[in-house]
Amino acid sequence: MKLTEISLYHVRMPLVAPFETSFGRIDHRECLIVRLEADGLTGWGEVAADHDPGYSYETTGTAWHILSEFAVPLLLGKDVADAKDFQRRVAQIRGHQLAKAGVEMALWDLLGKRDGRSIRQMLGGHRESVEVGVSVGLQRSPQMLVKTVENYLSKGYARVKIKIKPGRDVGDASAVRKAFPRIRLQVDANSAYDLERAASLRPLDELDLLLIEQPLQEDDLWEHSRLQEQFRTPICLDESITTTRHAQAALEMGACRIINIKPGRLGGLSQGVEVHDLCRARGVPVWCGGMLETGVGRASNLALASLPGFTLPGDISASDRYYVRDITRERFALNPDSTIDVPDRPGLGVTVDERALASYTLKRETFKAA
Ligand code: OSB
Ligand code: MG
């Protein structure tokens, strides 16, 4: 489709509650929203980078720079056939997966609207609703954590992930396990440990956790493989897996037994499907991670998570877990069986509320083909 107009929005939205991880605490989330125009149609995408380089080196600032200076000139006025063609065109931009993924998402939305097909259909997803859980940030105390978890359980979430960091790991996880002996529980360290310090996590192996997510540094595939040998609980990698090659290497060297697939971190939905296919062929379970997305990114995650290899619940919670007012007219609700419905209208299947979007926009720029 010939891209006649590309707009970038730098957005900042208040969260319903602060979210704290081993890399920091936020009460607002930033992102970039991408809008593509082609053949009289509009496609929307979301760049999941945040303000600070805590989770990834990418930020809303770097994404703005990379997209406006390098990606837009490669794409504007060009006839982009599909995601593969898009990836070929932006291949000369090294890294910056979150930035690329936001544009690829908008392209999928356009292609789906042109063809009258949902992204789920285009990707070959077979589920109409997907199992989800909730990611709970660090709380002031283990008691507060148990209360917060209880509140989410009462809303119907059947799987809980808690964030951990040194000094707030075994105690927090044990308190939750003791209060709720039967729930599906997992932990996420966001790279807060080194191999030596991670030895203190050994008691986690007795808590019947689904997985331990990203304990070590993101470039430490080898050390994750050493750590996995010491644990019965599967290690799951998030930050470490930014390409299909990394996924392959991680599995070959036993650095993890489960992969968290975030299409943003991998550079796009097409790359998310690639890692899914690789894992499925090897019998490795995957699940869809989250980045506190708006309704735009949430719709994309739901479509991806409808693929058959996503056998563990995703970090895709209901809209009201994140935002009082979202930028899509559709709000995603939790079904009583801890699932969320996958949009079935063409493209992402959501409508952007442009007034809400404008109210959160710090900066906007539109590039038009000559
Ligand atoms: O590590 O999975 C993570 C949010 C922002 C950045 C990284 C992560 C997260 C979450 C929240 O855990 C998942 C969600 O509910 O969107
Ligand atoms: Mg994570």
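Met105 belongs to helix H3, which spans residues 97-115; helices here are DSSP runs of H or I with at least four residues, strands are runs of E with at least two, and both are numbered from the N terminus. With a relative accessible area of 9%, Met105 is buried, a term that means under 20% relative accessible area, computed with a 1.4 Å probe and the protein chains only. Between the C-alpha atoms of Met105 and Leu195, which stand 90 residues apart along the chain, the separation is 36 Å.

The model is predicted, and local features need pLDDT of at least 70, side-chain atom pairs count only at pLDDT 80 or more, and totals for chains, interfaces and linings use all residues. Residues are numbered from 1 along each chain as its sequence is written, chains are lettered from A and ligands numbered from 1 in the order in which they are written, and side-chain values use heavy atoms, with hydrogens and water left out.

Ligand 1 is surrounded by 15 residues, the closest being Ser135, Lys163, Asn190, Leu292 and Tyr322, where a residue is near if one of its heavy atoms lies within 4 Å. The shell divides into 5 nonpolar, 3 polar and 7 charged residues, with Ala, Val, Leu, Ile, Met, Phe, Trp, Tyr, Cys and Pro taken as nonpolar, Asp, Glu, Lys and Arg as charged, and the others, Gly among them, as polar.

| Residue and atom | Distance to an oxygen atom of ligand 1 |
|---|---|
| Lys163, polar side-chain atom | 3.0 Å |
| Asn190, polar side-chain atom | 2.8 Å |
| Met291, backbone N or O atom | 3.3 Å |

Taken alone, ligand 1 exposes 390 Å², of which the protein buries 96%; these areas come from the Shrake-Rupley method with a 1.4 Å probe.

Helix H11, residues 295-305, is largely enclosed by the rest of the structure, because 11 of its 11 residues are buried. Among them are Arg298, Ser300 and Asn301.

Two residues other than glycine have positive phi values. Ser191, with phi of about 65 degrees, is found in the loop between strand S7 (184-188) and strand S8 (212-213), and counts as buried at 12% relative accessibility. Ser338, whose phi is near 60 degrees, is found in the loop between H11 and strand S12 (339-341), and its relative accessibility of 2% also makes it buried.

Key. Polar contact = N/O pair within 3.5 Å; in protein donor to acceptor, adjacent residues only side chain to side chain. Buried < 20%, exposed > 50% of the residue type's maximum accessible area, 1.4 Å probe, protein only.
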